[in-house]
Protein chains: 2
Amino acid sequence: MKTSHLASAIDRRTLVAGLAILPALSGAFLARSVRAQAAQGEPLPSWKDGRAKQAILDFVRATTDRASPKFVPVEDRIATFDQDGTLWVEHPIYTQVVYCLDRVPAAVAAQPELKEREPFKTVLSGNREEIAKLSLQDLEAILTATLSGMSVDDFETEVGKWLATAQHPRWNRPYTDLTYQPMLEVLNYLRDNEYKTYIVTGGGQDFVRVYAQRVYGIPPEQVVGTMGGTKFGYDKDGKPFLTKEPKLLLNDDHAGKPEGIHLMIGLRPYAAFGNSTGDQQMLEYTGAGDGARLMMLVLHDDAQREYTYGPAQGLPDTKVGTFPQPLFDEAEKNGWTVISMKKDWMRIFAFD
Amino acid sequence: MKTSHLASAIDRRTLVAGLAILPALSGAFLARSVRAQAAQGEPLPSWKDGRAKQAILDFVRATTDRASPKFVPVEDRIATFDQDGTLWVEHPIYTQVVYCLDRVPAAVAAQPELKEREPFKTVLSGNREEIAKLSLQDLEAILTATLSGMSVDDFETEVGKWLATAQHPRWNRPYTDLTYQPMLEVLNYLRDNEYKTYIVTGGGQDFVRVYAQRVYGIPPEQVVGTMGGTKFGYDKDGKPFLTKEPKLLLNDDHAGKPEGIHLMIGLRPYAAFGNSTGDQQMLEYTGAGDGARLMMLVLHDDAQREYTYGPAQGLPDTKVGTFPQPLFDEAEKNGWTVISMKKDWMRIFAFD
């Protein structure tokens, strides 16, 4: 699975050179051509032929063909997807954390006593170096102050507004543009085959729900995330509403992922997609079921088109999206299929 | 809405007398005739014409007709149903509590130190009078001992076995036969109109999930109930599994119902059905949305065919399924529709 950066650079140069002699082939044209292919019944048009694509096709065939010994009834067809690093870009920092940092001024305006208190003081200073040094505990304080205390309706409005204007620093595009086109195709392909697709994320459940329908075609009730409590109450006119509480109900990461799946779905998935140690238990839980099960890990090995981290870079760990060698070893051992972004995906983003 | 017991008795006698002159009309025949009516496109065949039936028909028309100003897109069509006393019989005692009492010997076998401890000693004595006197705290201890400590798979197996043999003391039938046929028709009618139907119950989420698909056509992911934590771990062969923990995540009753709805669904229902004070906040939350909303309360006013309790009996409260006068008054004030079991339902059970 490991590839040298040189090989990666050559591939990219070859591709660029190839495109250079065909000036008429714009990104939009390619996108149309991909859509046309999909409409003609060719699933996964952004995937290159190979072990990963074949694993998906084989799994769907085995579980949806009535003649197959591994046929799965429609009501049991559950597929779960990690979000950060699996469905969209998680580097250099989780999108939700960017949102929380951006919301600190509003949180301080609502609670002026936070202004002189750390870590809020550091965030307000705008000193990027100091902000980058904040501890996990500091981050938790920021998340609590910016993700609770308001009504669920106000929160949804604020996140929606932020998503409409915030941009990723590398691509200068909205974060919701930075979804992986090949994974959107997997979502659609599974849904076309009557799978229910779920996001199972360590990110905040309410945060992801704001855009999951529009961006992934996944309705709010199929978003499983880190869950906070809410409190039912009445406004001054007696109208009932829910307030987001600083109470953690379930940390939907690592062992919390199968626990969250049981809580929210109550069924073991037949397919699970992840990219980091936070997804390991979800993949193990999925693989422990009988019949055909599909477990896949996205490998970030494409520095040119996205990022390189995890075993592709030889790093034991990274700040986000850890994919250390032991997880990579377990993938081999358990028959999980690794998806190489560089080798398996013809393009990364819809705008490519 | 109040009716005298005498009137109720006369109706029943008239019906029985009417049936007596038609010996060929067996229960099975009636059931077939009802199904045939439904197949011919006549919804709600077990409902008598009246305000309640009309409210359901009007709501579905207003929210599914594209020309209606109150049209609701398919992805927002959510309907929530309380279970105990709304979808099936809750008297003389919640079915899940019967299960827990029946499981005490097994719990004591697994933890022999409970044998001499209260309330287990009383339950094991079999003294019905003493068991009926157990406090809520005692009951909680019994629920904890019988609903946690095992794997989620073992729990599902045990509940399934119990349901196959346990019988309601009045009808001598499995508890799962004691669902209200008119409400099953509402579930089907809403689903036929692309509503997602959810159970939102104070009962245990995992308990109800065992039979919800078979009995109500509601899949596990659409059962919202009182939620306990689970713990991910590995058995001696390294196979992962989930253990039911004694940790309460959410008490899905009263204010917990809208909180549970937000947690599990993330959308405000357009229709909500209940029968007790435990459902009040769910109905208020539903009614606070704009457009057409349907809030209904089942009134237990039919002692002959089921039970009479709540305002029908003039009681301020009962042990289970409280429906006191203040809730009844609120229903009138808020425009909620009361369903009289006696006057609105032609039959109560599928076997009637």
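Trainee: In which strand is Lys244(B) found?

Mentor: Lys244(B) is found in strand E4 of chain B, residues 240-250. A strand here is a DSSP run of E with at least two residues, a helix is a run of H or I with at least four, and both are numbered from the N terminus. Before we go on: this is a predicted model, where local features need pLDDT of at least 70, side-chain atom pairs count only at pLDDT 80 or more, and totals for chains, interfaces and linings use all residues. Residues are numbered from 1 along each chain as its sequence is written, chains are lettered from A and ligands numbered from 1 in the order in which they are written, and side-chain values use heavy atoms, with hydrogens and water left out.

Trainee: Why is Lys244(B) called buried?

Mentor: Buried means under 20% relative accessible area, exposed means over 50%, and partly exposed is in between, with a 1.4 Å probe and protein chains only. Lys244(B) has 11%, so it is buried.

Trainee: What does Lys244(B) touch?

Mentor: Contact means heavy atoms within 4.5 Å. Leaving out residues up to four places away in sequence, Lys244(B) touches a list that includes Leu147(B), Phe155(B), Asp206(B) and Thr230(B).

Trainee: What makes His254(A) partly exposed?

Mentor: His254(A) has a relative accessible area of 35%, so it counts as partly exposed. His254(A) lies in the loop between strand E4 (240-250) and helix H12 (256-264) of chain A.

Trainee: Where are the cis peptide bonds of Pro92(A) and Pro119(A)?

Mentor: One joins His91(A) and Pro92(A), with omega about -5°. Another joins Glu118(A) and Pro119(A), with omega about 5°. Pro92(A) is in the loop between strand E1 (78-81) and H4 of chain A.

Trainee: How many residues of helix H4 of chain A are buried?

Mentor: Seven of its eight residues are buried, and the helix spans residues 95-102. Val97(A), Tyr99(A) and Cys100(A) are among them.

Trainee: What makes E2(B) largely enclosed?

Mentor: Seven of the nine residues of E2(B) are buried, so the rest of the structure largely encloses this strand.

Trainee: How do you know that E2(B) and E3(B) pair?

Mentor: Two strands pair if DSSP finds at least two bridges between them. E2(B) and E3(B) have three bridges, in the parallel sense. Val200(B) stands opposite Val224(B) in E3(B). E1(B), residues 78-81, also pairs with E2(B) in the parallel sense, over four bridges.

Trainee: How do you know that the two copies are related as by a two-fold rotation axis?

Mentor: Copies are superposed by least squares on the C-alpha atoms of residues with pLDDT of at least 70 in both. A rotation of 180° with 0.0 Å of shift along its axis superposes chain A on chain B, with RMSD 0.0 Å. The two copies are thus related as by a two-fold rotation axis. The same surface serves both copies, since 100% of the contact residues of chain A recur in chain B.
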